[in-house]
Amino acid sequence: MSALRGIYLWLSLWLMALPAQTAPVLIPDANSNNRFDLSAWSYINTAADVDDLAQASQAPAGQWRRLGDEDRRHISVDKLWLTFSLFSDKTRLTRIIALDNPLLDKIKLFHLINDELVDVQEMGDSLPFAHRPLQSNIFLYPFEIEAGDKHTFYLQISSQGGMYLPLSLWSANELAQMTESSSLISGFQLGGLAAIGLFSLFIALASGSFSYSYYAGYVLSMSLLVATLNGIAFRFLWPDWPELQQLMVPLLIPLVTAFALMFTEKVLQLKYQSIRMLRFCRLGAVYALLQLALVPFMDTATLLYIEVVSVLLISSILMVTAIRQAVRGHKLAKLYSIGWLGLLLGALGSSMIYLGLVHIDIMSQTPVMIGLSFEIVFMAAVLAIRYNDERKAKLKIQQEALQQAERIRITREEALRAEASSKERLEKMVQERTLELEVTLRELNEVNQKLTEQTTIDSLTGVKNRSAFDKRLIAEGRISRRQQAPMALLMVDIDRFKAINDNFGHLAGDQTLRAIAACLQQNIKRPTDLVSRFGGEEFAIILPNTSAEGGITVAEMIRTSVNALVIDWEGDAIPLTVSIGVSAEVIASDTHPTALLEQADKALYQAKNTGRNRVCRYSPPQDRTQPS
């Protein structure tokens with residue numbers, strides 16, 4: 001028996017040396033049910049003029065060559081031909097040919113027994129799923145082989161995707177076990193990804209968090225991409241829509257990229273860490289969405305090339321950015337880098353197996369699925385840590401506010417106790433304790449003044465807030481009415497403040513507000529004048545005992561001073577101008593101050609509408625004056 005097996009082995013090696021058109025014959029072991037790799041025994045023909053089986057079977061030997069690793073490193077082929085032959089020495093066998101690449105567009109299989117055509121099957125994800133001989137994520141073809149019969153197979157393959165061609169021969173039992181194991185692993189991985197994505201989506205809906213929204217979009221779109229690559233989505237989601245299957249991969253790759261960029265912007269806090277990378281992430285997301293819009297109008301192979309190159313470039317830049325942030329001590333960037341590195345290593349491993357650069361007896365998608373699961377878990381940890389940090393920060397602010405309120409309460413209680421004690425002592429020794437009582441009352445007054453100032457000062461700019469302005473406006477209006485002296489109001493608005501926030505960030509906007517407030521304070525000379533932050537980028541100024549001409553003079557001084565301000569932010573100069581509205585009258589009633597404020601506001605809008613960076617005095621609609 002061993003001698004016969006030696007003869008068969010020698011015969012198979014001799015057949016492999018024959019010209020390509022005689023297709024080497026493999027001898028499967030009748031006692032073995034294990035997977036048999038057909039790729040090493042297959043021949044390939046890529047000649048453009050081979051259109052049908054007759055031309056393929058009669059093609060000269062020079063057009064055929066062994067299927068090699070270099071044949072897997074292509075995207076998009078048209079009418080590629082494969083051939084191999086099988087026979088059994090003594091036993092009748094039932095076997096299944098498996099082509100484990102669920103993304104091939106068109107496969108036409110010709111089955112010949114002893115050089116006579118007995119069957120033709122068409123498969124591929126350009127056809128409805130039910131068109132396959134066996135209902136499976138991969139392409140399967142069952143057949144029976146009698147002892148001594150020679151079975152020859154020709155496969156004509158056309159596809160816009162990658163030319164990964166893992167041909168295998170299985171027994172039905174072993175294929176069923178492999179399918180069950182693969183389905184269990186894929187189901188576990190996809191179920192875990194979908195669970196994380198849905199959980200993040202619910203958190204995003206409940207909390208309104210953009211970070212969780214982008215993360216949920218990233219995980220769910222990545223889960224759908226993986227399901228599409230594995231053939232699961234085509235089988236269970238759109239089995240009757242092969243046109244949709246053709247578009248899903250080029251649609252999902254830019255969608256995943258866009259969500260990854262937006263999530264990176266939030267989780268690495270690029271708004272505060274790097275304005276340049278913030279702009280890159282936003283422009284990259286727009287670029288990915290443009291790719292998404294081009295899918296129906298571009299050739300799939302060309303688009304896949306562009307998308308793959310774009311993903312590699314963007315991933316590399318994001319990785320470098322995360323590493324730089326991690327080196328600078330950013331805690332979240334360290335975890336982000338580790339998770340992203342796991343995904344990149346997994347993708348690299350799968351690519352090397354897919355292209356035949358590395359030969360390992362595992363499925364090509366296994367490394368990238370392991371890396372993806374690793375990355376998803378780490379990103380979830382990053383998001384959880386950031387959420388916890390934000391929660392702790394809010395709790396700390398609340399605790400500090402409570403402590404401040406407690407200190408104020410204790411101070412007030414102590415002041416009340418001191419006042420009560422002073423009154424009691426005053427009843428006993430009025431003359432002896434007069435000086436001590438005055439000192440105590442002076443200290444109490446200072447404490448009350450400090451507490452009052454804390455509630456009337458704008459915390460960002462240091463000038464009076466809106467509440468203090470409203471109270472002062474009523475008081476000064478009554479004085480104007482009693483003394484019959486004019487009162488002027490100035491409404492000041494920073495020109496194009498939103499553009500400053502958008503171009504330089506909100507920290508630059510805060511610095512601008514402080515600088516403008518300081519400039520206003522410097523141009524107000526009298527103790528009775530009041531500068532306050534009216535709201536957002538608007539300031540209001542009260543000038544008691546001031547005519548309209550005097551108000552315009554002060555407004556022009558302010559406008560000129562603001563023009564001269566120079567704010568340098570991260571090496572860039574921020575140009576500043578203001579528009580000012582002026583109104584002035586002698587107050588005649590309790591409601592007159594509010595009307596005067598509305599007039600100043602209308603004059604401000606007149607200044608804004610006539611070109612900005614100017615001062616306008618309010619005038620009735622029928623008698624508008626020109627801008628000052």
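**Note on the cores and the sheet**

1. Setting aside neighbours within four places in sequence, Tyr-218 contacts Val-256, Phe-259, Ala-260, Trp-340, Leu-343, Glu-375 and Ile-376; contact means heavy atoms within 4.5 Å. This is a predicted model, in which local features need pLDDT of at least 70 and side-chain atom pairs count only at pLDDT 80 or more, while totals for chains, interfaces and linings use all residues. Residues are numbered from 1 along each chain as its sequence is written, and side-chain values use heavy atoms, with hydrogens and water left out.

2. Tyr-218 also belongs to the largest nonpolar core, of 53 residues, where it is listed with Phe-263, Tyr-336, Trp-340 and Leu-372 as having the most contacts inside. Such a core is a set of buried Ala, Val, Leu, Ile, Met, Phe, Trp, Tyr and Cys residues joined through side-chain atoms within 4.5 Å; buried means under 20% relative accessible area (1.4 Å probe, protein chains only).

3. The elements giving two or more residues to this core include α3, α4 (210-229) and α11 (366-428). With eleven residues, α6 gives the most. Helices are DSSP runs of H or I, at least four residues, and strands runs of E, at least two, numbered from the N terminus.

4. Another core, of 35 residues, lies apart from it and has Ile-500, Ala-508, Cys-519 and Leu-576 among its members.

5. Four strands make an open antiparallel sheet, ordered β2-β11-β6-β9; two strands pair if DSSP finds at least two bridges between them. At the edges, β2 (36-37) and β9 (139-145) each pair on one side only. Seven bridges join β6 (residues 93-99) to β9, and Leu-99 stands opposite Phe-139 in β9.

Terms used
Buried means under 20% relative accessible area, exposed over 50%, partly exposed in between (1.4 Å probe, protein chains only).
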